[in-house]
Amino acid sequence: MTATRIFKAPFKGDHVGSFLRPQRLKEARQLKANGEISAEQLRKIEDEEIIKLVEKQKEAGLQAITDGEFRRAWWHFDFLENLVGVEGYESETGIQFNGVKTNSHSIRVVGKVDFDGHPMLQDYMFLHSIAGDHHVAKMTIPSPNMIFHRANIDRGVYENNEDLLEDLTRAYKKAIRAFYDAGCRYLQIDDTSWAAFFSEQGEKQIRDRGQEPAALRKLYTRAINESIAGLPDDMVITMHICRGNFRSTYTSAGSYDAVSETIFSELDVDGLFLEYDDERSGGFEPLRYVNRSSLQIVLGLITSKFGELEDKDAIKKRIAEAAEYVSLDQLCLSPQCGFASTEEGNILTEEDQWKKIRHVVDISREVWGE
């Protein structure tokens, strides 16, 4: 899908979407969990904190505005477990990151997957109502691939992934269309599943599960492309490819090389948010597979994991290096990930967070003049 852009998303200085939860919001969520306040009282506090967040984003110079994922506990489970046929449950163990595990929670497919309304539609409409005329409200949702990657699938419901793919992509088309009808014109799909292909260890894990990496790549590609096929041309769809982001650590490492032709030549998205904040991501050589001028590449050169600011000249040099493979006009800049993929957040302060965002905006203005 090549969108006719009515605005310039992804923007030259952009961001992935999640922000550190303010203390007041954390306390309110705990009060709700304890039964001390109602869902309505919690939502009122969420509304107030999101309004403050939107103003801070505008003040920092961002053009794309999100709600910071303030209403979510997880970047992916909250959305997925509200699809028809999918439920959340308390798993025996959390997801293993480098030296730390998340809280225990997961999802499972227990019935035919479909979309029949979703609480996040109301979340988006609230964001849209406060974004204003000069900023674009961006919605973030997990990739359909996260069902294959994270969910326990009842094989009595779906004997094979092909049958699940058909229902899943149909559900996603309905979901994305519902967000479009609610006013969304900038939607980002977040996906950690591709990182499994970045290393020999990851591919071994795929084979240990009885799958072949080449076949799985094709499945993941179809899941993305079939989910976004036929959507209105004025809706921009980007994808963020992540190696994990929890408490300032990660789940995987490796360059884009092993799957670069697929990612850069076969996915029909309008833009790709890529992690490039440290040596785990490899070099820019895989960008040589970008085969269309309409694909925007958002370089995640600014880390969201730690507060220290990167040297401006070093970042500009890396942008110039990437421009050896892709036109500078096709490049953008952002943090490599959000600041709080889960409600716990990364290990930096809110002040550090906003310095990072202003750093992105300042550098982008100096490089691209906007």
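Let's start inside: threonine 238 is buried, with a relative accessible area of 0%. Here, buried means under 20% relative accessible area, exposed means over 50%, and partly exposed falls in between (1.4 Å probe, protein chains only). This is a predicted model, so local features need pLDDT of at least 70 and side-chain atom pairs count only at pLDDT 80 or more, while totals for chains, interfaces and linings use all residues. Residues are numbered from 1 along each chain as its sequence is written, and side-chain values use heavy atoms, with hydrogens and water left out.

**Around threonine 238**

- Threonine 238 sits in strand 7, which covers residues 236-241; strands (E, at least two residues) and helices (H or I, at least four) are DSSP runs, numbered from the N terminus.
- Leaving aside residues up to four places away in sequence, threonine 238 touches Pro10, Tyr186, Leu187, Gln188, Ile189, Gly271 and Phe273, where contact means heavy atoms within 4.5 Å.

- Strand 7 runs parallel to strand 8, and they pair over 4 bridges; histidine 240 has phenylalanine 273 of strand 8 as its bridge partner.
- Strand 8 (residues 271-275) has 5 of its 5 residues buried, so it is largely enclosed by the rest of the structure.
- Both faces of strand 8 are covered, with Gly271, Phe273 and Glu275 buried on one side and Leu272 and Leu274 buried on the other.
- Strand 8 also pairs with strand 9 in the parallel sense, over 5 bridges, and glycine 271 stands opposite glutamine 296 there.
- Strand 9 (residues 296-302) and strand 10 are a parallel pair with 5 bridges; valine 298 faces cysteine 332 of strand 10.

**Salt bridges**

- The structure holds 30 salt bridges, each being a side-chain nitrogen of Lys or Arg within 4 Å of a carboxyl oxygen of Asp or Glu.
- Arginine 29 and glutamate 46 make one of them, at 3.6 Å from N to O. Arginine 29 is in helix 1 (residues 23-33) and glutamate 46 in helix 2 (residues 39-60), so the pair ties together parts that are 17 residues apart in sequence.
- Arginine 29 also meets glutamate 343, at 2.8 Å from N to O. This pair links distant parts of the chain, 314 residues apart, with glutamate 343 in the loop between strand 10 (331-335) and helix 11 (350-368).
- Glutamate 343 is partly exposed, at 26% relative accessible area, whereas glutamate 46 is buried, at 5%.
- Arginine 71 bridges to glutamate 46 as well, with the closest N and O atoms 3.1 Å apart. Shared partners join Arg29, Arg43, Glu46, Asp47, Arg71, Asp123 and Glu343 into one network.

**The second largest pocket**

- What is the volume of the second largest pocket? It is about 710 Å³.
- The second largest pocket is lined by 26 residues, and Arg29, Arg71, Arg72, Ala73 and Asp78 lie nearest its centre.
- Helix 1 gives the largest share of this lining, 5 residues.
- The lining divides into 8 nonpolar, 5 polar and 13 charged residues.
- On a 1 Å grid over the protein atoms alone, a pocket is an open set of points where a 1.4 Å probe fits, with protein on both sides within 12 Å along at least five of seven lines, and lining residues have an atom within 4 Å of a point.
- Volume is the space filled by probe spheres set on the points, which are joined across faces, edges and corners.
- Asp, Glu, Lys and Arg count as charged, Ala, Val, Leu, Ile, Met, Phe, Trp, Tyr, Cys and Pro as nonpolar, and the others, Gly among them, as polar.

How values were computed
Two strands pair if DSSP finds at least two bridges between them.
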